[in-house]
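Here is a short briefing on helix packing and strand pairing. Please keep the sequence and the structure open while reading.

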Amino acid sequence: MIGRERALQKALLPVRNEYDYILIDTPPSLGLLTINALTASDHVIVPVQCEYLSLRGLVQLEGTLQMIRENLNPSVEIRGILPTMFDGRTLHAKEAVEMLKENFGNLVFHTKIKKTIRYAEAPVQGSSVLKYDPSGPAAKAYRDLAKEVLNGSTPS
């Protein structure tokens, strides 16, 4: 289909001004669905697992974003990088966050999504972690992230 990279952008056009934020959750790949989302977006929040190999994927994403800017959406930019699956008990996770901060500085959010069993159980139950375990640490972390984004604060 001609212009298939712009299908989502065109679909959102009639309702875009009715919302302050439209969140688009994509698979963790750089396929057509993600290209559509990046083409339709002003800003991107990039979740990154606190593991070395996940950090390497950011280089590929940056290349894809550059191609999107050159060909489809010149204004898309990274709003922030969100450390996920963080286990503060491990040196590896702490080092991964430090590497993120060293390489991306103020793009790294203060909020870290910690690895919890409730977070893993929620999708199995067909629920978000906010409904499944509303008072748990994962739900709190997502509320903290929402405040960080809505308040327009610059990530650390």
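This is a predicted model: local features need pLDDT of at least 70, side-chain atom pairs count only at pLDDT 80 or more; totals for chains, interfaces and linings use all residues.

How are H2 and H3 oriented to each other? They are oblique.

**H2 against H3**

- Helix H2 spans residues 32–40, and its axis crosses that of H3 at roughly 55 degrees.
- The two axes come within 10 Å.
- H2 brings Ile 35, Leu 38 and Thr 39 to the contact.
- H3 answers with Thr 64, Leu 65 and Ile 68.
- By residue class, this H2–H3 contact holds four nonpolar and two polar residues, with no charged ones.

**H3 against H4**

- Helix H3 covers residues 52–71 and helix H4 covers residues 91–104.
- Their axes lie 10 Å apart, at an angle of about 20 degrees.
- That angle is under 35 degrees, which means H3 is roughly parallel to H4.
- The H3–H4 crossing is right-handed.
- On the H3 side, the contact residues are Tyr 52, Leu 55 and Leu 58.
- On the H4 side, they are His 92, Ala 96, Met 99, Leu 100 and Phe 104.
- Seven residues of the H3–H4 contact are nonpolar, one is polar and none is charged.

**S1 beside S2**

- Strand S1 (residues 43–49) pairs with S2 in the parallel sense.
- Seven bridges link S1 and S2.
- Val 46 stands opposite Ile 81 of S2.
- Gln 49 has Thr 84 of S2 as its bridge partner.

**Cover on the strands**

- Which residues of S1 form its covered face, and which its uncovered one? Val 44, Val 46 and Val 48 make up the covered face.
- His 43, Ile 45, Pro 47 and Gln 49 make up the uncovered face.
- Strand S2 runs over residues 77–84 and is mostly covered.
- Of the eight residues in S2, seven are buried.

Methods
Residues are numbered from 1 along each chain as its sequence is written. Side-chain values use heavy atoms; hydrogens and water are left out. Axes are lines fitted to C-alpha atoms, for helices over the stretch in contact, and angles run from 0 to 180 degrees between N-to-C directions. Helices (H or I, at least four residues) and strands (E, at least two) are DSSP runs, numbered from the N terminus. Angles under 35 degrees count as roughly parallel, over 145 as roughly antiparallel, 65 to 115 as roughly perpendicular and the rest as oblique. A crossing is left-handed if the near helix is turned anticlockwise from the far one by less than a right angle, and right-handed if clockwise. Contact means heavy atoms within 4.5 Å. Ala, Val, Leu, Ile, Met, Phe, Trp, Tyr, Cys and Pro count as nonpolar, Asp, Glu, Lys and Arg as charged, and the others, Gly among them, as polar. Buried means under 20% relative accessible area, exposed over 50%, partly exposed in between (1.4 Å probe, protein chains only). Two strands pair if DSSP finds at least two bridges between them.
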